[in-house]
Each structure stands twice: as structure tokens, then as C-alpha cells.
Amino acid sequence: MRKKITGGVLAVLLSSMLAMTVLASPLDNLKEMLQSLVGVSPESVDEATASLSNAEAEQLIKQLEALLGESAPTEANGASETPAPQPETTLAQPETPAAGPQGAPASEGGESQGESAEGQGGDSAGAPADSQGGPGGPEGDSPAGESGGEQGAAQEPESPGIPKDEPVSTTGTAYGYTGTFDIDTASSEQVNLNEGEWDINNAQMIFWGGTAIQNAGTSSLAVRDSFVRGETAVETAPLSGPPGGLLVSGNIRTTLGVGNSESIYVNSTIVSRNWATLSTDAAQPAPEGGKELSLYAYGSEAITMDGGYGAYSDLFCNLFAYGSHFQAAEIGIISGTYGKVTVGNIADGEKDPVVSKVLTKADKEKRSDKELPSIIEGGRNALMIHSVNLPPYWEYEGYSEEQIPLYKTDVRVHGSTLRTDLSLDKGVEYEPQQQAYIDHTKGSVILVKSTNADLYLEDCEIVPDPKGTGYLIQTVYNNDTMFMNAVPEGKTYPGVIVTVKDCDLSGGIVNEDYQRDLLLTLAGSTLTGYMNEYDCAHWNEVSAAEGFTDYCKDSSYSTHHGIMATLQSGSSWTVTQESHLSKLVFTEDSKVIGLIFVDGVEQKHEPGKVYEGNVVVKPGVPEEETTSQEETTTEHIHNWASNGGSPADCEHDGVHVWICTTCGAEYQEPLTALGHKWILSDELSDPATCEKNGTNLYTCERCGEFYSETVPATGHLWHPDSIIPATCETPGEEKYTCVNCGLTQTSVIPATGHDWVWDLDHSVWPTCDTDGTYAYICNNEGCTATFTSVWPATGHDWEIDSYTAPDCENDGVEVDKCTVCGATQTITFAAYGHNWVYQNTVAADCLNSGYDVYTCSECGVTDYFNFVPAEGHSYTCYPTPGNETMTHTYYCTTCGDSYTEYHTTSDPCICGYSGPRG
């Protein structure tokens, strides 16, 4: 695969070089610089620099630095120039998409769905892939944007620059998101953050096929007055893989928090077609002095339409909902082991130190009702808590293998409503065994699956749908396959601890988890309903109905675990059907309206007494604490039977009269008005359309009263039917169809313009005396355009290798050597000649020439000039004295030189001798 470096990253490179640690060599420095560029792998860098020396690397570092000041490439008239680097941040700069239908996305993105877990055994569907070098992010198709020039013309990259530290506010429409983004940039694939503090204001974000907002690392994000929606045309189906035990469905997570990030949604609406609206995944235990992953909703809505859940508090995650409405087709909120959930009203949110830090005066004014409650509702359960087995986390202090099964999930609910509404469930088809398990728990408001939990419910409404189980709280054996199902030897599970304060509850509380107790405390609260506990044998019966065998996998739980109920001051329990507990305690100023039996023996009501064992409480009126006006001498236990009365209706209280069949004593039990039970009439209602308001008519199924309400027009929900993608030089076209009414619209996608990036693999490095080549390719999908430009030769870096100075007679020589490539060059310096000084003259003689003598004043060398030729001998011939008859002698008249020779003729000799010879 071709590796590419965007020119823009070079602007970032400049600032990073200033703080770069000095490494072992220039070559190492060059490698670090190249690896810091987006898209360059260490392997590619090693290959490109394998043949470079340290000196060559130093030269190339200078070249890269110089690149920051060069101009951007153009393709005018066929000429190309070296592109200037452009600044690159975590996200791409926002662009303006094609003009399309209101709210329609500029293009369709896709999310890669792999297998990972939102915590092991938790919510999952693919570990967040980091699409830009950071944590997390499914990849999608980039939407079309304006090219910044004429259609069909090549796009000219921006001038170089270093990214600013302060946020830049961008107003308008970006990638189908309309509004103001108080962040540096907005991504064509998703908002993908990893560090820093960010704000998204007044945005409409409709993202097809993937996660719209991913917040990871240590970043803090506030989303204000915005609409965020995850959309897909894929049919809702149960999740497969590691999260299958959650029994939720879908394939879209509209938002995702990972790592140790912090996400705060203020007065916003977040919608998912299915699976997840506000999700978490891959959280990390809080570092020392740090924070755990947290997700906040203030005055916001989280809606999951066809399947899945509204929010998930995964491992090491904290979920806070203040004055917010969570509505999910399956489960309102899910929390896993180590997860924490806090649900409260608007006032609670404004007291929260994290939320209050980001709230503005305008934010608070929009939520003037400070007692506005949170409403958490689900088509199956409002709140589900499940256990997860976590071997990878045993290495963290406080999360050992022994401690994991003893940890309690923490849930706090104040001033809010939890309820189930089976009409929200869209009937996703599960496997028969899974569906049997779902049916066994469907309609229970709070479902706890094989985990310890600490639930504190204050001033709340807990409303189960009577068409389901009707349970307020139900604990069950976990159907997940990854949870810890054995308590350490010698330990006891903390159990499910439920404290109900200042609440009026109506329904059942059932403990079907044979492994742990359910400890219920009513404080200033009323319960009209029943309680029941079950053992391991019960779960084997359930598993048989679901098609399993021996579902109760751990036969070591021989100790009985059940419900232990305590009624504190001001509390009452009106028993509506036979109940089974392990322990019951009530104070003097609380009461149980029912008949108490322990091991089959009826008990008197004695405040403060501990009723323990096989405790059965049946409907009925207990013996009054005060005697009747007609005191009897013999105490007896009343045998109460119904004796009529006036029933309560929707708007009027009633009374139920009980009479003792033994003594005739009478007791009147007040009955509270039932309240209307409104049912939507499909026949008489007029549904809203995309452009027209509708009308819902509700009738009370008890008394026949009715009322109507206007349903606002839904507005079109555009889905891209066909897309002719824009290319760099050619406009494209998108055709949208409203998934609600079938209306179609077409919009033009402007040509994108080329996005030139430096192609490292096909560039040729320059040498000292040979030009190299910059190679560029277009980074846009499907475009193969390329061009090259000259990368100037670096020039030699000469250093003197040797030097010989000139003198009077000899030239000087300098030899230079290039420190980069080793080439040499020679420079000659001419000899400067002697400086002669006259010394004396030597005269010529018969044999020798004459001359002037000179000496060099610089070097002392002597030389001879002005030569006079030798004069030669001047001989005169005479007979040789004493040997005149034989020889004659020549005598030089100048110098006296002589030589002798024989007479050669008989005539008078040349010497004048004429006498005898020989």
C-alpha cells in the first residue's frame, strides 16, 4: 500500500523541531522528523533513509525546514510548483457541502464493525479504531466539499502556518452539520477528540453509518443546544459476539466515550436508530490524581428508536443524567461492573461541580424548572445492571481476582422517574432461548443480573408496565457467559442493597438471584405490592423452559439467599399477594398491612422484632394494636374476610371493608384513586406526516374518558438513495429519498479539487550536485493524478583537506573535500618569483664565459645573468727548444697555455723551422 505524507503536517513539524531532543546523529533526527509526519511508517522511513550518511541527513533536514517557506502547487497552464505545507490538526478543516435537502447529510459514511467489548462482557461492537492516529474512530467516506475555486479546477492548498492554540469558531454548514462549532475543526468522518477542552454549539449532526462524536483520551467535550443523530438503513438485529449477553440489538453508536474522557451534553437531543445513543467503551481505571471516564446529560434527550439502549455506564465509567429524558426501545440505561449511575433533576445537575463548570446563564435559563425530573424509560427495562468478568483488570490495585466478585455497582436516583413501556419495544427477533430469557424479565423496571449493587432511590417514581412482569425490581441469574460466578472461599457476596426513601411504590420486588441477598430498606416510603425470593432449583426450571439444561451452574451455593426487608420510620407495606422473604423488620412508626407467618405459624405484629426464617406475608388486615370498644377477655387472632366497600375509580378514592368472621370486628382499608390509564387509540388518531401535524386520541381503558393532543409534523428524514461521487475536477450528484414519505430530491456535489500530498516513496532525494524530484499524488479517494517538481541539488559542503603554500619557484596547492559526498577539488596558487639583488661580475677568459652574479633577497638563492662568451686562445708556434728537429710548440699569448706537435712536412715548418728533421 502506498504510504503518503500530507504536505500540511510540515507546518506542525516546525514547532515540534524547536523542542526536539538532540539525538545520537543527524540521521536519527531526520528519521524522527519524518516519522512525526502523518501517514509515514517507521519501515517507510528506514527504507527511504537507508543509504543516507549523517552529513546527507543534515543537509536534508535543512531542506525540510526550507520547505515551510515555499509556495503551494498550482496546475495553471500545465506548470507545477512545489506545494507549500499546510497545517494539520486532529480533525480536518470544515468544508461546505453540496446544497441539499434540509438536514440531509452531504455524503454517506460507514462504520467498521469489528469485535471488541465495551469492557469485557459489556457493550461492544468493534474496538474504536483511531482514524487519525489517536484512539478510536470508525472510518467513513469523506463528504463532498467546495473546492475553493471553479468547478473542475485543481484545488490550491492553503498557505503554510502553525495551528493556533486558541479555538476557532466556525459558523455555517459543515459536512451536513449545521451550526457553530467552537472547536478548531470539524471532521468529515466524525468529531474525533483525544485531548484538550472542546465545545460544540448549536449543531445539527446527522451521521450515516457510524459514530458522530467520539471523545477519547483525556479530552473534555461540551455539546450545547445541538441535535446529534446516528442513522442507518441497516435493519435492526440482535448484536452478536462478545456483547451478545446484553441481549440488545442494532449497529449504530451515535456517540462514544473512551479512555478517561469527559462528555457533557447540555440542552441537546441525541438520537440513534438502534444499539446506542450515549455509549462508552475501552475505559481505563483512573490514574492517580486523575479521573474516570464520565458522561453527563443536563436537560437533554437520549432516544434509541428501534432497538438497543439509551446510555451505558461501562467498566470504570460514570453516567450522570440531570433533568434528562432517556427513552430506549429495549433498555433505558445499562451499567456494568465498576460502572456508576447517577440520575437526578435539574437542580442536582447545577450542583454537580463538573456540570456547573460548563453551564452558562443562558443554559440555566432554558431550564427554569429546577425540579424538572429525569425520566428513564425502556421498552424492556428502564435500568439494567449486569456483572462482567475482568481478568485484564486484575493487575490494577484494588481490582484483584478476589475483589472483583465483591464489588458493588453504585446507582443513585433522586427526584426522577424510572419506568417501562412495552409499546416502545419494536419486537426484534432473538434466538428462542434468548427470547425466553427476555420474556422472563420484560417489563421489570430495574433488572440486576448476577452482580452486587447499591441502589439509593429517593423521591422517585418507579412505574412498571403491567403488561410485562410488573416488577419494580428483579434480580436474576446472569445470562452473560463472561461473568465471575464463584464467590471466593470464606466470603459472602455483599448482595443487592436497595434503599427507598420518600417514595410511593406499587408492584413486585423479586429476588431470583440464588447467589446473593436482596437487602431492601423502606425509609418514609410506601409499598403496595409483594416480594418473592427464589432458589437454585427455580433457575433450573427457568432454564428448562428456555431450552437449557442445568442453567444453575454453581451447585456450591447451599446457603439460602433471599429478601431481607426493613421498614423504617414512616414506611408502610400493603401486601397484595402472598410474599416470601428471609427476613422482615419494621419499626414502631411503620406498619405492614398483611398477615405474617414464620415457618407456617402466624405472628403478632411486634415493631422491632426480627422475623427470620421462612417468612410468608399474605394479604389481610392484622390484629389492631388497640383493643376494640368491646374488650374481650380472651385474645384471639382475627380471621379477616372481605366485606364489600366502595371501589376506587380513576378520580375518586374508595374503601375496602374487612370483617373478622370470628368476632365480627370491622376494619376499613382506604383505597387511593387509581388515576386514568390512558391508551392511545390507533383507530381514532390521525398520524403526523413529514409536513402535516397529526392528532393522538387517548382513552382511559378504565372509565372511557378521552383527550387529544397535537402531534407535530415529523419533518423529512432524508436518506441518500444514489450517489454519483464528485471527483477532484468533476461535480457529482446525490439523490435523497425521505424514508418516511418517499419524497425525493437531488443535489449537486461540487468538485472537490485536488488534495496534493507529498509521496515520499516516489520522491528522489537530491545530492550535492544533482537535482532530486518532489513527487505529489492527490489524496482524494479514487484520484490518481500526480505531478513532480524539481528538488534543487543541495550543493557541496567544501572543507580544506590539505594545503601547500606557494614560494619563489613553486606553485601552491589547496585540496578541498565535500563533507557530504566525499568529492574533491584542487585550487592552484601561482609561484610569486625571485627578488634578485646584484652581487658581482666574473670576467670572461680564453676558456670561460663571463657573467654577473645575483642573490634572491627572499629565499637566498644565487643565480647568474648577463653572460659574456669566452675569448678563446691566441696561439703562436715556435720550434720546441731542445727538440727543434722533431717538434714545435704553440704558445697562447693571452694566457700562456701551450701544446706540442710533430713537424709534418720537410719544407719549412709552420713554426718557421727549416733545419734538419728527425
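Two strands are said to pair if DSSP finds at least two bridges between them, and strands themselves are DSSP runs (E, at least two residues), numbered from the N terminus. In strand β9 of this predicted model, Gly-257 is the bridge partner of Asn-215. Residues are numbered from 1 along each chain as its sequence is written, and side-chain values use heavy atoms, with hydrogens and water left out. Because this is a predicted model, local features need pLDDT of at least 70 and side-chain atom pairs count only at pLDDT 80 or more, while totals for chains, interfaces and linings use all residues.

**Strand β9 and its partners**

- Strand β9 covers residues 252–259 and is mostly covered, since eight of its eight residues are buried, where buried means under 20% relative accessible area, exposed over 50%, and partly exposed in between (1.4 Å probe, protein chains only).
- Strand β6, at residues 213–215, runs parallel to β9 and is joined to it by three bridges.
- Strand β11, spanning residues 269–283, also pairs with β9 in the parallel sense, over seven bridges, and in β11 the bridge partner of Thr-255 is Leu-278.

**Ser-263**

- Ser-263 has its place in strand β10, residues 262–266, and counts as buried because its relative accessibility is 4%.
- Not counting residues up to four places away in sequence, Ser-263 touches Asn-215, Leu-221, Ser-294, Leu-295 and Tyr-296, a contact being heavy atoms within 4.5 Å.

**Nonpolar cores**

- A nonpolar core is a set of buried Ala, Val, Leu, Ile, Met, Phe, Trp, Tyr and Cys residues joined through side-chain atoms within 4.5 Å, and the largest one here has 67 residues, with Ile-213, Trp-573 and Leu-584 having the most contacts inside it.
- Strand β5, residues 197–208, gives the most to this core, with five residues.
- Another core, of 22 residues, lies apart from the largest one and includes Leu-239, Tyr-309, Val-476 and Val-542.
- Among the residues that Ile-213 touches, leaving out those up to four places away in sequence, are Val-191, Leu-221, Thr-254, Thr-255, Leu-256 and Tyr-265.

**A nonpolar surface patch**

- Ile-800, Tyr-803, Ile-827 and Phe-829 form a nonpolar patch on the surface, with about 370 Å² of accessible area together, as given by the Shrake-Rupley method with a 1.4 Å probe, where for residues only the protein chains shown count as cover.
- Patches are made of residues with over 30% relative accessible area and no salt bridge, with like charges joined within 9 Å and nonpolar side chains (Val, Leu, Ile, Met, Phe, Trp, Tyr) within 5 Å; a salt bridge is a side-chain nitrogen of Lys or Arg within 4 Å of a carboxyl oxygen of Asp or Glu.
- Tyr-803 is found in strand β49 and is partly exposed, because its relative accessible area is 48%.

Definitions and conventions:
Helices (H or I, at least four residues) and strands (E, at least two) are DSSP runs, numbered from the N terminus.
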